[in-house]
Every structure is written in structure tokens, then in C-alpha cells.
Amino acid sequence: MLTIGISTVASSLSELIIYIQDNIKKIDPSIDFLICSQRESENVAIVISERIKVLKTNESGLSRSRNTLLKENKNKWLWIQDDDIKIEFEALQKLLETLSKSSDDLVFIKVKSLENKNEFYKNYTFHKTHRLTNSLKISSIEIVVRREFVNDNNIKFDTNLGLGTDLPCGEENKFVLNLFQSNAKVRYLDLATCFHTTVLEGREIDQLGRFSARGYLLRFYPFYISFPLMIRWAIYIPAELSFYRKIILMLRTYFKR
């Protein structure tokens with residue numbers, strides 16, 4: 001019914017498997033786990049148990065990992081996740097019940113703060129109205145997609161974007177945009193099925209790469225959305241870069257062919 005598809009790397013694989021094995025009895029048996037572990041010494045598929053499969057690869061790049069999950073998923077639905085997954089088990093069961101009755105192609109769930117479980121990962125007011133720019137507000141771990149629709153429309157993650165590339169963000173936004181442009185039937189659920197950290201201190205952020213990625217991403221939106229957003233991001237996204245530098249970074253990748 002549902003696959004939880006998780007991207008990880010060799011150094012984090014063991015801890016992830018332990019977490020899943022410790023908790024799998026709390027999870028409905030119609031839910032499987034498919035893990036793509038990159039930076040491995042060999043390319044091999046390992047069946048950990050009936051419900052846990054690991055695809056080891058010597059490749060790198062988050063978009064490549066997620067494309068592998070899309071390709072290898074055999075269930076009707078795929079929920080895309082990161083390797084720091086912390087599941088809200090009761091809500092996950094409710095998600096499964098919703099999906100079992102759904103004719104949608106794309107479902108967005110909510111995420112709660114790992115540090116304060118009464119708060120959310122982000123402001124989800126954009127759930128109230130469906131519009132093209134919602135694709136810019138979605139995080140990868142909020143995406144549940146129907147396998148048949150993705151395959152029929154040949155939709156994949158753009159391997160020019162994402163961690164492991166020179167443009168280290170935006171891959172989920174481009175993916176969701178492609179789904180919207182393919183007329184996916186979309187549902188926004190008021191259901192938080194996992195927890196994610198909201199503590200950003202100490203994270204190394206490649207601001208040059210991120211603004212370059214934003215410029216590349218905006219190429220795929222109508223110009224009346226792209227250029228106002230470029231100005232807005234240059235003004236309001238905090239970074240140790242000048243307004244002029246931000247604009248130049250985005251324009252270079254926006255126009256580069």
C-alpha cells in the first residue's frame with residue numbers, strides 16, 4: 001500500500017536500520033521501508049526483512065537517490081523521507097486510512113517540530129489555497145506521491161539540483177512543480193505524520209550554491225512569478241551576501257543554458 005522511501009549515506013545506514021527495526025511493530029504491516037544508501041563500496045540490494053529493503057550504491061546526490069526510490073517502489077504510494085526520520089505512529093495510521101480511500105495523485109502532510117512537539121516544522125497557511133507557488137513552499141518529507149501517476153508522466157527529480165551538486169537545494173520544489181504542471185490531483189492534509197528538527201544553529205549552509213540553485217529553479221516558472229521572487233529573495237532571505245551578489249548569482253543560473 002505505502003512505501004516509506006528514505007535517502008541516506010553509508011555512515012548513517014546502521015543507525016537508521018536500528019530505528020526502523022525498533023519501531024516496525026508499531027507500524028501497519030501494509031507499510032514497507034525502502035532505503036537508498038549512497039557512498040557505498042558496491043552496488044547491491046539487501047533484504048533486511050520482509051518489510052525493509054536497502055539499495056546500496058556508490059553514487060552520490062540526493063536527487064539520484066530519490067529517483068532510485070521512485071523507480072524501485074512497488075507499492076501504490078511513496079512517502080519521501082530523510083534519514084533523520086521520527087514517525088508519529090498514530091498519525092501515520094490515519095494517513096494510511098486516508099490513502100486507502102484516495103483517488104488523488106499527490107498528498108501533502110504536515111511535520112511537527114522535534115524539539116517542541118506542540119509546534120509545527122513550518123507555517124502551513126499555504127495549505128488553504130492551491131496555487132502554483134505552493135511548490136516553492138513544500139519540503140521533500142511532506143510529499144506522498146502515487147506511483148502510477150509519476151510513472152505515467154515520467155516525472156523525476158532534477159539531478160542538477162539537490163545535495164551533492166553545485167546547486168544544493170530546490171530539487172523537491174522542481175519535482176512538485178512538474179507534478180502540478182502535469183495536472184496532478186492534489187490534497188493538503190491537516191495531519192502531521194513525523195517530526196523534524198527546527199534547530200538550525202551549527203548547520204553549514206552553502207549560500208552561494210543555494211542562491212544559484214534558486215535562479216536555476218525559477219527558470220521553470222512564468223516570468224511574472226520568477227522576477228518578483230528573485231527580488232523578494234534577494235531582500236528577505238538572510239545571508240552574508242549583498243543584495244547585488246544574490247541577484248547576480250540567481251541571474252547567472254536563470255539565463256545559463
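Predicted model: local features only at pLDDT ≥ 70, side-chain atom pairs only at ≥ 80, totals over all residues.
Reader: Why is helix 5 described as largely enclosed by the rest of the structure?

Author: Helix 5 spans residues 171-181, and ten of its eleven residues are buried, so the helix is largely enclosed. A residue is called buried when its relative accessible area is under 20%. The buried residues of helix 5 are Glu 171, Glu 172, Asn 173, Lys 174, Phe 175, Val 176, Leu 177, Asn 178, Leu 179 and Phe 180. After helix 5 comes Asn 183, with a positive phi near 65°.

Reader: Why is Phe 243 called partly exposed?

Author: The relative accessible area of Phe 243 is 42%.

Reader: What makes the nonpolar surface patch?

Author: Ile 231, Ile 235, Tyr 236, Phe 243 and Tyr 244 make this patch of about 590 Å². Helix 7 (223-236) and helix 8 (243-255) each give two or more residues to the patch. Helix 7 gives the most, with three residues.

Reader: Which residues are closest to the centre of the second largest pocket, and how do you know which classes its lining has?

Author: The second largest pocket holds about 200 Å³ of space. Among its 14 lining residues, Asp 32, Phe 33, Leu 34, Lys 53 and Lys 74 are the closest to the centre. Strand 2 (31-38), strand 3 (44-49) and strand 4 (52-56) each give two or more residues to the lining, and strand 2 gives the most, with three. Counted by class, the lining has six charged, four polar and four nonpolar residues. Asp and Lys count as charged, and Phe and Leu as nonpolar.

How values were computed
Residues numbered from 1 in each chain as written. Heavy atoms only, no water. Buried < 20%, exposed > 50% of the residue type's maximum accessible area, 1.4 Å probe, protein only. Helix = DSSP H or I, 4+ residues; strand = E, 2+ residues; numbered from the N terminus. Patch = residues over 30% accessible without salt bridge, like charges linked within 9 Å, V, L, I, M, F, W, Y side chains within 5 Å. Areas by Shrake-Rupley, 256 points an atom, 1.4 Å probe, with all protein chains shown as cover. Salt bridge = Lys/Arg side-chain N within 4 Å of Asp/Glu carboxyl O. 1 Å grid on protein atoms, 1.4 Å probe; cavity = no way out; pocket = protein on both sides within 12 Å on 5 of 7 lines; lining within 4 Å. Points joined across faces, edges and corners; volume = space filled by probe spheres on them.
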